[in-house]
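Please look through the model before reading the points below.

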Amino acid sequence: HQQFFLLLGHMLTVHEVHFLLLSQVTGSLDDCACDVETIDAFNNERLFPKLQKLLESDYFRFYKVNLNKPCPFWTDNGLCGQNNCAVIPCPPVSIFLTLYSAEANNQECEKAETLGAVDSSLSKETRQALLEWNKHDDEAERFCVIDDEESPDSQYVDLLLNPERFTGYKGPEAWQIWNSIYEENCFKPYTVKRPLNPMASYSGQCVEKRAFFRLVSGLHSSINIHLSARYLLDDNWFQKKWGHNVSEFQQRFDAQLTNGEGPKRLRNLYFLYLIELRALAKVLPLLQRPSFQLYTGQPTQDRQHKRVLLELLQVAKSFPLHFDETSLFAGNKEEAANLKEDFRLTFRNISRIMDCVGCFKCRLWGKLQTQGLGTALKILFSERQIEALPKSSSARLTFQLSRQEIVSLLNAFGRISTSIRELENFRSLLSKVR
């Protein structure tokens, strides 16, 4: 190994060589006829740049969410996520006002609270525009009512002001969230005994339960990639420095440090990418209808952004190796229907767990990404309704999506797309280690 990398101009340790050789995820993926290399090239070169530009537009940057819902499964103790202050309650953080520093004895607790707070500041003009958006959306019949939209506690959050990154939220409280997801609310593999090893072999499961588990695992992996890519590297009195933490990435995905589980986690990320990519391709007939608008009250920009959106969806549709959703819930109709309902209820339960996340910023992105994935699944399971969409713009639609579902769908996929792109960055950083 040492002689090989010397030829490339690198002086790597045995452990670093081991990571480079074993954590590289290559080849075909399970449960689909696609390979990692095709996804990397498609995402990083064709889709990622267009998607990032679209997500900066007003329609997609504002997300309405209720961050004040109580946890429905256990009493929220409000403890700080840092290990050394897990038993010291953190004071509540107002998401409507600027942050205040509590007179706490533990600086780590204050640090986690500040990094995990949500900046919900919006200008007067923006708030008025958002009211107009709601008035426009309420004029159309919705396919479903989303509680967070109608709740008086809901508020719009500017996602560009609240990027998903390291917040210091960890320890027993954070583990309780993932423990609950993997142990109680997920079609986990029979060989999984603890969520500390959530990517173990899932042999023996039907394809639907296996797919569900891989989606949750892929989402978990994506979140960990973002925390590693936007890590707080330096925090002093005049600025915070965010960047890639290679060591943190290795702790989560190195094949040796994770007993071979790291590559499985990354492969599940690619599987999640394929599911959400397929949903974008399938929803094109709905969003390309003349009656559909990306309404923000700015006609010229709205038309421009819809054109960008449709171009993006056409790119998604052009992917050569889409996931075949017809492989799910096939066979006996009654058994398939029951399994689909279990699938839906289980995912719904997971989405409710997001209200138990103690860190507001983590809760924000957790709710958005689970809603986005839920919307993707809704699209994939509604193929007949989408195919039956009437040609007349005045006829009642057989399938609809609310503004929140569309915003969450694109932003959730934006997180997954960014994770795929960040893997290339981490590979590059690891190759330069001397």
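1. Start with helix H17, residues 403-431. Helix H17 has 29 residues and reaches 42 Å from its first C-alpha to its last. That is close to the 42 Å expected at 1.5 Å a residue. Bear in mind that this is a predicted model.

2. How many of the 29 residues of H17 are buried? The count is 22, so H17 is largely enclosed by the rest of the structure. Buried here means under 20% relative accessible area.

3. Now turn to the cysteines. A disulfide is a covalent bond between the sulfur atoms of two cysteines. The count for this model comes to one disulfide. Cys-71 is joined to Cys-356, with an S to S distance of 1.9 Å.

4. Where do the two partners sit in the chain? Cys-71 lies in the loop between strand S1 (62-65) and helix H5 (107-115). Cys-356 lies in the loop between helix H14 (333-353) and helix H15 (360-380). The two are 285 residues apart, and the pair links distant parts of the chain.

5. The torsion about the S-S bond of Cys-71 and Cys-356 is about 75°, so the disulfide is right-handed.

6. Cys-34 has 1% relative accessibility, so Cys-34 counts as buried. Cys-359 has 7% relative accessibility and therefore counts as buried.

Methods. Residues numbered from 1 in each chain as written. Predicted model: local features only at pLDDT ≥ 70, side-chain atom pairs only at ≥ 80, totals over all residues. Heavy atoms only, no water. Disulfide = S-S within 2.5 Å. Helix = DSSP H or I, 4+ residues; strand = E, 2+ residues; numbered from the N terminus. Buried < 20%, exposed > 50% of the residue type's maximum accessible area, 1.4 Å probe, protein only. Expected span 1.5 Å × (residues − 1).
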